[in-house]
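Please examine the sequence and the structure before reading on.

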Amino acid sequence: MDTDLMLRVYPFFLEAALVTIQLSVLTALLGLTMGALGAAARLSRFGVLRFIGAAYVSVFRGTPALIQLFILYFGGPQVGIQLEAFEAGVIGLGVNVGAYMTETIRGAIISIDKGQREAARTLGLSQFQGFYKVTLPQAARLMVRPLGVNLNMLIKSTALVAAISVVELTYTAQRYIGSTYKPFEMFLLAGILYIIIIYTTGRAVAWLDRRVQIT
Amino acid sequence: MGLDFTVIPKYLDIVLLGGLWTIGITVAAALLSFFGGILFAVIALYAPAMIRWPFKVVEFVFMGTPLLLQLFLIYFGLVQIGVDLPAFVAGVIGLGLHFAVYNSELIQTAILSVDKGQMEAARTVGLSRSQALRKVVVPQAVRAVIPPIGNNMIALLKDSALVSVIGVSELTLSAQRAIGATYRPFEFYLLAAAFYYVINLCMEWVQRRIERRISLSR
């Protein structure tokens with residue numbers, strides 16, 4: 001193993017890891033927003049909204065994220081959408097992971113017993129109050145763990161933006177593999193940083209999950 | 001520039017051929033990940049500690065890093081140690097191993113949840129430990145995890161798009177070839193997405209049928 005080389009190039013990997021973290025945070029925020037909107041649409045009273053929500057989930061979960069990213073970044077200019085690679089990465093991945101988060105959030109909400117809602121109505125709360133004060137707080141507790149799984153997947157999927165030349169961890173590793181012919185060393189450097197990011201996030205989610213449990 | 005879908009028919013055969021390669025690579029990698037997953041699960045649960053621990057470290061690394069990075073390691077790493085595999089084979093190995101690790105997690109849980117009495121009964125009727133595993137415990141465990149493994153296989157189909165990056169001429173790369181000739185990325189990536197979506201729907205349909213058969217025979 002060529003440790004001299006690894007010591008020489010690791011600062012570039014650290015810099016790239018920061019980009020990966022930025023991408024992950026922004027994508028997660030957009031994904032959560034899309035997930036909340038998607039779940040609201042899928043649970044809506046209006047048939048049109050339910051259809052739009054279902055179509056969003058089906059199409060974005062049914063095609064590769066890489067292709068979605070390519071349509072947005074390379075195809076966008078043809079329909080008047082011109083984005084920087086980083087912006088396209090955040091929007092493309094965020095909308096993609098939002099489809100998965102829609103199902104997570106919806107699943108948690110519908111698993112709360114109907115009786116809870118009915119009891120809230122009986123006590124004189126409006127339908128809106130019943131949802132915000134009774135159903136949602138209980139559903140939020142159930143969401144933490146599965147959203148953590150979505151987050152883990154999201155962090156790994158940020159590697160895809162290497163294909164549209166965003167200089168993040170995987171792109172950096174790929175570039176140094178090409179110029180040094182040391183794939184194992186470069187994989188090790190990038191891999192350690194990914195594992196640190198993913199492990200830390202996983203611990204944070206587990207901590208949050210413990211905090212919000214009642215039992 | 002606008003959109004012009006009339007360019008598609010001329011290049012449809014290239015993209016269709018790419019679609020066939022995508023199906024081929026998905027089936028090959030799915031088989032590798034299924035049997036690899038069973039093997040990995042048995043190693044993780046029953047192998048001696050000297051094999052088990054290094055193995056678990058490798059599993060941890062595979063689950064904590066992106067598939068794209070692993071594909072680069074396998075494709076360029078094999079060349080470095082003098083094994084010059086065609087991109088297709090490297091792609092199948094990369095996808096197959098990646099999902100074998102995820103399948104192995106599922107199968108381990110399932111093996112542990114098979115009643116202990118099954119193993120004891122098998123030993124009582126004279127089977128050796130490895131025979132009991134192979135003929136009694138593992139088959140029951142695998143049946144129980146077929147639905148979640150199906151989900152992994154659908155994820156595998158979508159992740160197979162990544163092997164275009166190491167130069168396998170599947171659906172994504174074929175679309176890119178057509179784009180290289182026509183400069184129409186939107187149209188051809190949309191076409192590729194449509195193909196993926198159709199294959200995906202077919203896989204979901206098969207999965208539902210299998211699930212129904214399993215739940216009937218219980």
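**Exercise 1.** Is A:Arg106 buried, partly exposed or exposed?

*Solution.* This is a predicted model, in which local features need pLDDT of at least 70, side-chain atom pairs count only at pLDDT 80 or more, and totals for chains, interfaces and linings use all residues. Residues are numbered from 1 along each chain as its sequence is written, chains are lettered from A and ligands numbered from 1 in the order in which they are written, and side-chain values use heavy atoms, with hydrogens and water left out.

Step 1. Recall the classes: buried means under 20% relative accessible area, exposed over 50%, and partly exposed in between (1.4 Å probe, protein chains only).

Step 2. A:Arg106 has a relative accessible area of 21% and is therefore partly exposed.

**Exercise 2.** Determine the salt-bridge partner of A:Arg106 and the place of both residues in the fold.

*Solution.* Step 1. A salt bridge is a side-chain nitrogen of Lys or Arg within 4 Å of a carboxyl oxygen of Asp or Glu. The side chain of A:Arg106 meets that of A:Glu103 in such a bridge, at 3.4 Å from N to O.

Step 1. Helices are DSSP runs of H or I with at least four residues, numbered from the N terminus. Both partners belong to helix H4 (residues 85-110) of chain A, three residues apart, about one turn of the helix.

Step 2. The pair is part of a network of salt bridges that links A:Arg42, A:Glu103 and A:Arg106.

**Exercise 3.** Describe the salt bridge of A:Asp209 and the surroundings of its two partners.

*Solution.* Step 1. A:Asp209 and A:Arg145 form a salt bridge through their side chains, at 2.8 Å from N to O.

Step 1. A:Asp209 lies in helix H8 (residues 183-212) of chain A and A:Arg145 in helix H6 (residues 127-157) of chain A, so the bridge ties together parts that are 64 residues apart in sequence.

Step 2. A:Asp209 is buried, with a relative accessible area of 8%, whereas A:Arg145 is exposed at 55% relative accessibility.

**Exercise 4.** Which residue forms a salt bridge with B:Glu187?

*Solution.* Step 1. The partner is B:Arg184, and the closest N and O atoms are 3.2 Å apart.

Step 1. B:Glu187 is buried, at 0% relative accessibility. B:Arg184 is also buried, with a relative accessible area of 14%.

**Exercise 5.** Characterise the contact between chain B and chain A.

*Solution.* Step 1. Contact means heavy atoms within 4.5 Å. Chain B contributes 35 residues and chain A contributes 35 residues.

Step 1. Buried area is the accessible area (1.4 Å probe) that two parts lose on being put together, summed over both. Between chain B and chain A about 3000 Å² is buried, and carbon and sulfur atoms give 77% of this area.

Step 2. On the chain B side, B:Leu69, B:Lys158 and B:Tyr189 lose the most area to chain A, together 19% of what that side buries.

**Exercise 6.** Where does A:Ser44 lie?

*Solution.* Step 1. A:Ser44 is found in the loop between helix H1 (3-42) and helix H2 (47-62) of chain A.

Step 1. With a relative accessible area of 12%, A:Ser44 is buried.

Step 2. Neighbours within four places in sequence being left aside, A:Ser44 is in contact with A:Leu49 and A:Arg50.

Definitions and conventions:
Helices (H or I, at least four residues) and strands (E, at least two) are DSSP runs, numbered from the N terminus.
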